[in-house]
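I am opening my notebook on a new model and will write down what I looked up, entry by entry.

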Amino acid sequence: MVSRSYSNLLELASGESPSFERMNRRIPRIMTVAGIMSDIDDDPSESVCSDPSSSSVQMCRIIIVANQLPIRAQRKSDGSKSWIFNWDENSLLLQLKDGLGDDEIEVIYVGCLKEEVHLSEQEEVSQILLETFKCVPTFLPPDLFSRYYHGFCKQQLWPLFHYMLPLSPDLGGRFNRSLWQAYVSVNKIFADRIMEVINPEDDFVWVHDYHLMVLPTFLRKRCNKVKLGFFLHSPFPSSEIYKTLPIREELLRALLNSDLIGFHTFDYARHFLSCCSRMLGLSYESKRGYMGIEYCGRTVSIKILPVGIHMGQLQSVLSLPETEAKVKELIKQFCDQDRIMLLGVDDMDIFKGISLKLLAMEQLLVQHPEWQGNIVLVQIANPARGKGKDVKEVQAETHAVVKRINETFGKPGYDPIVLIDAPLKFYEKVAYYVVAECCLVTAVRDGMNLIPYEYIISRQGNDRLNKLLGQEPSTPKKSMLVISEFIGCSPSLSGAIRVNPWNIDAVADAMDCALEMADPEKQLRHEKHYRYVSTHDVGYWARSFFQDLERTCRNHSRRRCWGIGFGLSFRVVALDPNFKKLSMERIVSAYKRTTTRAILLDYDGTLMPQASIDKSPSSKSIGIINSLCRDKNNMVFLVSARSRKKVAEWFSQCVRLGLAAEHGYFLRLMRDAEWETCVPVADTTWKQIAEPVMQLYTETTDGSTVEDKETALVWCYEDADPDFGSCQAKELLDHLESVLANEPVTVKSGQNMVEVKPQGVSKGLVAKRLLSIMQENEISPDFVLCIGDDRSDDDMFEVITTSMTATQNAEVFACTVGQKPSKAKYYLDDTAEIVRLMQGLASVSEQTLTE
């Protein structure tokens with residue numbers, strides 16, 4: 001059964017079901033004009049959110065998107081110019097399909113072919129790949145592809161993600177705006193191809209790696225409820241490195257348009273979360289083992305799981321006759337000569353640390369001359385994936401170092417280093433794994449790197465290979481790994497000898513340790529590694545990611561979503577269906593026709609922006625409040641967390657304004673009235689315990705302060721480093737809860753602060769007091785407006801919503817600042833809109849007074 005194409009919505013609306021043939025004819029849409037497209041298509045007609053009830057029941061389908069399709073393509077040799085297509089068995093994209101299950105999930109691939117296909121052949125090739133392989137090829141003009149892949153991806157993103165800053169033109173590529181535009185254009189072309197085959201309400205989309213980091217924005221713009229996962233297969237750099245990227249926020253916001261973002265290690269995820277905190281002001285939290293970032297009302301989940309290898313494929317290669325023959329050859333070359341093979345398998349690029357490994361081998365031979373003539377380092381250098389001067393320099397340096405070492409320590413019939421600088425077939429590499437006593441992976445920075453996993457499984461071998469190696473079937477297997485602590489698989493291989501590849505002496509010592517280690521120890525380490533690698537294969541990784549993607553997207557149909565922002569700043573707001581923007585027309589209309597009004601206003605973050613340095617109210621704000629207070633139909637209260645002294649000073653010109661200070665502990669009905677308390681007078685002897693603790697954290701956290709109120713203490717870290725401040729706040733919260741466990745106080749954390757206040761004090765008390773005063777005067781409000789900006793204001797929202805439900809025909813407006821989860825029913829975008837709203841209501845009151 002073929003899923004409905006997104007491009008067939010008009011046919012579906014008319015009740016006509018699109019045929020398979022017609023859908024196929026539409027698939028080969030291609031880009032026929034080379035060049036740069038705009039950063040993003042902002043045509044609002046493309047932003048679609050279908051009614052979830054329209055989805056049909058069908059087989060679960062996932063669209064896997066990557067730079068390259070898992071397809072090998074070659075021309076036929078008969079001169080007909082036809083193509084031969086085959087699956088690329090070594091492709092991770094194809095291997096992960098086994099973990100998803102063919103019977104339960106249909107998989108469609110979207111990506112580029114490695115070979116260039118002429119424009120006249122593209123439609124035919126698209127048809128063949130879709131029908132035979134369920135692949136949708138993305139054809140790119142050669143010039144655009146070069147600027148996208150060899151330009152932006154390989155010269156700018158890839159070096160930066162591997163901690164290489166372009167300090168000079170020779171050290172990585174400086175940021176180039178035209179290359180960035182090419183990158184954006186290609187991502188948009190990918191989105192176009194996906195939209196031709198996706199059923200947006202039912203299908204899942206899984207995007208892979210840094211080549212397509214802005215693709216989530218294009219997909220989210222087309223359909224805001226698309227079920228979208230992204231996995232980064234490279235390292236994610238620390239914020240100090242990442243922040244140098246001129247388009248840093250665009251990439252972060254694009255990734256946050258995914259539902260689930262995956263990383264190989266906690267370090268990579270931690271760096272991403274730190275960047276979101278420092279550059280976008282977003283915080284994350286962990287709930288029941290799942291990490292997530294709250295972003296515009298959506299929870300973007302974070303997944304940490306290293307990818308594995310395909311056990312079936314590797315075991316089948318181990319069983320090939322060609323592998324067996326190659327193993328025999330290597331045994332004759334090394335083992336029969338009483339020589340121990342050490343093995344390195346790396347791409348020929350600047351981050352794999354090949355030359356450092358060779359220098360460590362040289363150091364080993366110098367420090368331990370007994371190994372001279374007895375050990376051989378076989379270094380397999382895979383062809384580099386990128387182009388450029390740095391690749392040629394690495395290649396030249398590698399050959400020069402190998403030549404020097406072999407000339408120094410070699411002798412007739414013996415070279416300590418064998419460099420294989422040519423492509424090898426996979427079975428040949430596997431044969432080297434089988435024979436090698438130790439595998440060395442000393443990259444200075446790398447993503448996952450599955451070489452150690454392949455080595456471990458190969459060393460486990462099979463009966464035929466064990467016989468070749470002279471081992472009994474029951475003989476415990478052994479293997480040794482020396483790996484860099486800067487590669488993604490390092491945390492999962494606890495039995496390996498981890499090294500700093502820059503410390504050549506330490507690497508040489510690790511190599512010697514691996515060679516000298518007793519067999520029982522090697523066997524225990526191998527057994528531990530084999531147990532992990534065999535159970536955490538690529539199928540396990542794919543299933544785990546997909547299950548988390550399903551869990552994350554489970555509530556999509558229940559949320560009301562809409563897009564905001566332009567260009568790459570586009571994002572989707574997902575909120576409760578009943579949560580809506582407060583209409584100026586509606587509230588003004590309600591205000592005009594009502595006669596008994598209660599208005600409760602928060603101050604910081606509501607009438608005054610949080611970012612303002614001068615927090616005192618402006619003359620304009622004072623004028624608006626006085627206009628509202630002069631209306632005899634209004635009872636206006638300003639509710640603040642600040643001290644009563646401060647709010648009384650700031651609003652001394654407002655004669656009829658009611659004030660509540662310190663979250664409602666103190667309350668005053670108007671300027672000339674006495675302050676009263678909403679709860680019994682509190683004992684503040686607890687301050688003698690809490691204040692020294694807060695002062696300790698203030699001394700150790702630069703930029704933090706302590707505010708001593710009459711009934712509360714506040715530790716504020718607004719001006720501190722966001723990561724360190726947040727970390728210290730968590731520690732302080734735990735510390736205070738411990739030392740104040742027997743005191744009648746509550747310890748709470750808020751936006752950039754930790755506060756200790758008397759139990760039972762909340763802004764909800766003010767709302768209750770205001771409504772009770774009106775009831776005592778036999779006044780029933782027919783208009784209630786309550787506006788606040790943070791969690792402390794939810795208490796007020798809850799009180800007015802529940803208290804007024806029994807009052808018929810009463811207009812109740814609980815409004816928060818910003819589009820975020822809240823107990824309020826309405827929102828306004830920022831303090832500027834709040835002020836405009838209050839100004840509009842004040843104008844109505846002024847007109848009433850003059851009539």
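**Entry 1: a residue in a loop.** I began with His 663, which counts as buried because its relative accessibility is 5%; buried means under 20% relative accessible area, exposed over 50% and partly exposed in between, with a 1.4 Å probe and protein chains only. His 663 sits in the loop between strand S23 (658-661) and strand S24 (666-668), where helices (H or I, at least four residues) and strands (E, at least two) are DSSP runs numbered from the N terminus. I also noted that His 663 has a positive phi of about 60 degrees although it is not a glycine.

**Entry 2: what I am looking at.** This is a predicted model, in which local features need pLDDT of at least 70 and side-chain atom pairs count only at pLDDT 80 or more, while totals for chains, interfaces and linings use all residues. Residues are numbered from 1 along each chain as its sequence is written, and side-chain values use heavy atoms, with hydrogens and water left out. I looked up the confidence next: the mean pLDDT of the chain is 87, and 92% of its residues reach 70 or more, pLDDT being the predictor's confidence in each residue, from 0 to 100. Over residues 1-57, however, the pLDDT is below 50, and this stretch has 120 contacts in the model beyond near neighbours in sequence; contact means heavy atoms within 4.5 Å.

Entry 3: Asn 449 has a phi near 65 degrees, a positive value in a residue other than glycine, and I found Asn 449 in the loop between S15 and helix H16 (451-460). Asn 449 counts as buried because its relative accessibility is 12%. Asp 88 lies in the loop between strand S3 (83-87) and helix H3 (92-100), and at 9% relative accessibility Asp 88 also counts as buried. Leaving aside neighbours within four places in sequence, Asp 88 is in contact with Pro 70, Ile 71, Arg 72, Leu 94 and Lys 114.

Entry 4: Why is strand S11 (residues 298-304) described as largely enclosed by the rest of the structure? The reason is that five of its seven residues are buried. I then traced its pairing, where two strands pair if DSSP finds at least two bridges between them. Strand S8 (residues 260-263) pairs with S11 in the parallel sense over four bridges, and Gly 262 has Lys 303 in S11 as its bridge partner. Strand S10 (residues 290-295) pairs with S11 in the antiparallel sense over five bridges, with Ile 293 opposite Val 300. S10 and S11 form a hairpin with two residues between them, and Cys 296 in the turn has a positive phi of about 55 degrees.

**Entry 5: nonpolar cores.** The largest nonpolar core has 79 residues, and those with the most contacts inside it include Tyr 183, Phe 236 and Phe 272; such a core is a set of buried Ala, Val, Leu, Ile, Met, Phe, Trp, Tyr and Cys residues joined through side-chain atoms within 4.5 Å. Helix H6 (residues 177-197) gives the largest share of this core, twelve residues. A second, separate core of 77 residues includes Ile 420, Val 430, Tyr 433 and Cys 553. Returning to Phe 272, I listed the residues it touches, not counting those up to four places away in sequence, and among them are Phe 236, Ile 261, Ile 293 and Ile 302.

**Entry 6: a helix near the end of my list.** Val 799 lies in helix H27 (residues 794-803) and counts as buried at 10% relative accessibility. Leaving aside neighbours within four places in sequence, Val 799 is in contact with Gly 764, Ala 767 and Lys 768.
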